[in-house]
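Me: I would like to learn how to read the features of a structure, one at a time. Please give the general idea, then the case at hand.

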Amino acid sequence: MFKKDSITGHLACLIAYSIFGFNIIVCKDLTSGHLISPLAIFCLRSIGAGGLFWLLSAFMPKEKVEKKDYLKIFAASMLGFFTCQITFLIGIPYITPMDCSILTAMSPIYTMAIAALVIKEPITWQKAGGVAISFAGIIYLIVSKAGGAGGAQETTMFGIFMIILNSLSFSMYLGIFKPLIGKYSVVTFMKWIFLFAFVVSFPFAGKEVVTLDWASIPKIQLAELLYLIVCATFITYFLIPVGQKRIRPTLVSMYSYVQPIIAIVISICIGMDVLTWQKVLAAFMVFGGVIIVSYSKSRG
């Protein structure tokens with residue numbers, strides 16, 4: 001059976017990646033209007049989410065960060081937030097949500113390889129089999145969806161390249177910085193992650209952010225921006241380290257498989273799609289693979 005600590009990690013990852021599932025659609029709409037540049041959106045995320053983490057830290061016991069770790073946290077910020085989110089925001093206008101989901105589904109494979117190299121997480125046959133079953137399920141789900149009306153028509157090679165970079169950078173973040181993340185509280189770690197991201201992005205996007213004509217932005221896109229900052233940045237980047245502390249990096253990244261499922265659920269809810277047995281089967285394959293990996297034996 002799962003331990004209580006492990007259940008907390010799974011629940012944190014499930015909620016975070018469910019939010020990311022909505023975020024694929026939100027970012028697609030927000031960036032396609034070209035009213036705010038990707039770098040300015042990133043800077044606003046750094047200001048908004050970073051401000052919330054620093055505010056939250058004021059009500060928590062003070063935690064000292066070792067001087068030698070600041071450079072490591074800076075590197076984590078550049079890899080897990082700056083590179084990851086900039087490539088996503090730049091690439092999402094040039095790729096359909098479904099194709100984006102296919103590419104992000106590759107992240108557990110990247111993470112498993114990186115974790116094996118960096119923190120010596122063993123790749124067992126059981127773990128590899130679980131990843132393969134989940135990956136087969138998500139590909140089956142997306143292919144069956146794309147086979148209907150409204151198939152992908154907007155994907156470009158540039159969009160594919162950006163989303164691959166997005167998945168690779170986040171997978172490297174999950175695999176490389178797990179020991180560092182476990183060393184500090186989530187709030188302490190994240191307040192520095194976002195401060196560093198703000199310091200790097202503001203010199204390039206500060207002028208646009210300061211002079212932005214908020215009145216010209218439609219209310220729906222303002223709501224999307226608010227969702228992006230509060231839900232898809234503050235809440236998710238709070239929850240993912242909670243998961244990282246409790247379950248293995250490969251398993252954390254496997255929750256990226258939730259994203260396309262969320263996209264299809266949204267389509268069903270708004271009448272754009274119908275539930276079929278193929279989608280139910282694919283969902284069982286995805287979560288079956290997660291369970292197999294979670295029960296795989298890990299040495300060290």
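This is a predicted model: local features need pLDDT of at least 70, side-chain atom pairs count only at pLDDT 80 or more; totals for chains, interfaces and linings use all residues.

Me: How many helices and strands does the protein chain have?

Reply: Helices (H or I, at least four residues) and strands (E, at least two) are DSSP runs, numbered from the N terminus. The protein chain has 13 helices and zero strands.

Me: What span should helix α2 have, and what are its end C-alpha atoms apart?

Reply: The expected span of a helix is 1.5 Å times one less than its number of residues. Helix α2 (residues 38–57) has 20 residues and should span 28 Å; its end C-alpha atoms are 28 Å apart, which agrees. Helix α5 (residues 107–118) can be read likewise: its twelve residues reach 16 Å from first C-alpha to last, close to the 16 Å expected.

Me: Which residues of α2 are buried?

Reply: Buried means under 20% relative accessible area, exposed means over 50%, and partly exposed is in between (1.4 Å probe, protein chains only). In α2 the buried residues include Ala 40, Ile 41, Phe 42, Cys 43, Leu 44, Arg 45 and Ser 46. In α5, Tyr 110, Thr 111, Met 112, Ile 114 and Ala 115 are among the buried residues. Of the 300 residues of the protein chain, 51% count as buried.

Me: Which residues have the most contacts inside the largest nonpolar core?

Reply: A nonpolar core is a set of buried Ala, Val, Leu, Ile, Met, Phe, Trp, Tyr and Cys residues joined through side-chain atoms within 4.5 Å. The largest one here has 76 residues, and those with the most contacts inside it are Tyr 17, Tyr 173, Phe 189 and Met 190.

Me: What does Tyr 17 touch?

Reply: Contact means heavy atoms within 4.5 Å. Not counting residues up to four places away in sequence, Tyr 17 touches Phe 170, Leu 174, Val 252, Ser 253, Tyr 255, Ser 256, Val 258 and Gln 259. Cys 13, in helix α1, is buried at 0% relative accessible area. Leaving aside neighbours within four places in sequence, Cys 13 is in contact with Gly 243, Ile 247, Val 252 and Tyr 255. The C-alpha atoms of Cys 13 and Ser 253 are separated by 8.6 Å, although these residues are 240 residues apart along the chain.

Me: What share of contacts joins residues 24 or more positions apart?

Reply: Of the contacts in the protein chain with a separation of 6 or more, 93% are between residues 24 or more positions apart. Ile 36, in the loop between α1 (4–32) and α2, makes a worked case. Ile 36 counts as buried at 5% relative accessibility. Its contacts include Glu 208, Leu 212, Ile 217 and Leu 225.

Me: Which residues make the nonpolar surface patch of about 470 Å²?

Reply: Patches are made of residues with over 30% relative accessible area and no salt bridge; like charges are joined within 9 Å, and nonpolar side chains (Val, Leu, Ile, Met, Phe, Trp, Tyr) within 5 Å. Accessible areas come from the Shrake-Rupley method with a 1.4 Å probe; for residues, only the protein chains shown count as cover. The patch is made by Leu 52, Leu 55, Leu 56, Phe 59 and Met 60. Phe 59 sits in the loop between α2 and α3 (67–91) and counts as exposed, at 69% relative accessibility.

Me: How many salt bridges does a search of the whole structure find?

Reply: A salt bridge is a side-chain nitrogen of Lys or Arg within 4 Å of a carboxyl oxygen of Asp or Glu. The search finds four. One of them joins Lys 68 and Glu 66 (3.7 Å, N to O); Lys 68 is exposed at 55%, and Glu 66 is partly exposed at 37%.

Me: Where does Asp 69 lie, and what does the pair with Lys 183 tie together?

Reply: Asp 69 forms a salt bridge with Lys 183, with the closest N and O atoms 2.7 Å apart. Asp 69 lies in helix α3 and Lys 183 in helix α8 (residues 178–183), so the pair ties together parts that are 114 residues apart in sequence. Asp 69 is buried, with a relative accessible area of 1%. Lys 72 also forms a salt bridge with Asp 69, at 3.8 Å between the closest N and O atoms.

Conventions:
Residues are numbered from 1 along each chain as its sequence is written. Side-chain values use heavy atoms; hydrogens and water are left out.
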